[in-house]
Amino acid sequence: EKQLYTTIHNIIRKLMYADNFYIAIYDDIQKQLHFPYYVDQKDKDYTETIDLDNNSLTAHCMQLGIPLLYTRKNIDDLRKKGKVNPIGTLSTIWVGSPLVVNNKSIGVIAVQSYDKKHKLTVGDRDLLNFVSELVAMVIERKTLEEEQHKYQTDLEKEINENKKTLHVQNSLYKISKATHGI
């Protein structure tokens, strides 16, 4: 999984500035976002899970379901209005796009810059949105493959346990039959 996300990051880095990049995946059962991939110059190793209703920029992007480009001023204005409550170091510019599969958001892909010399543009937002569609499909396919592998492994384990149970029952039957013949 980490290798997949690293590959995605490296591809995006070739297309636009993306030194500060993360992928957040939504857990529909827990109603939380977790960050399986997070590379950032300021906030190292962000591994927390966050509730979807905490108003982070990531949750905000996912809830709106549209790609966003926010300057520091936009972020400050939204924070004053109570619309967002950014987590971590505030960036100069933040770009995020929901990861959507079958009209359902499964997460967010985001890039941020802390330096005015690394401007992110509407073109970058649109590019990230285009890439996010492909990334969402790849992540979904990978998730389905992992679920299928787990199902297959569990099924094989259950079959082996049933074989053992059947073998024990068969052995007990033979012992019972042999003791009745004594």
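Strands S5 (93–101) and S6 (104–113) run antiparallel and are joined by nine bridges, where strands are DSSP E runs of at least two residues and helices are H or I runs of at least four, both numbered from the N terminus, and where two strands pair if DSSP finds at least two bridges between them. The model is predicted, with local features requiring pLDDT of at least 70 and side-chain atom pairs pLDDT 80 or more, while totals for chains, interfaces and linings use all residues. Residues are numbered from 1 along each chain as its sequence is written, and side-chain values use heavy atoms, without hydrogens and water.

S5 and S6 form a hairpin with two residues between them, and Asn 102 in the turn has a positive phi of about 50°; the bridge partner of Val 101 in S6 is Lys 104. Because nine of its ten residues are buried, S6 is largely enclosed by the rest of the structure, buried meaning under 20% relative accessible area, exposed over 50% and partly exposed in between, for a 1.4 Å probe and protein chains only.

The largest nonpolar core has 23 residues, such a core being a set of buried Ala, Val, Leu, Ile, Met, Phe, Trp, Tyr and Cys residues joined through side-chain atoms within 4.5 Å. Helices H1 and H4 and strands S1, S5 and S6 each supply at least two of its residues, and H4 gives the largest share, five. A second, separate core of 21 residues includes Ala 24 and Val 108.
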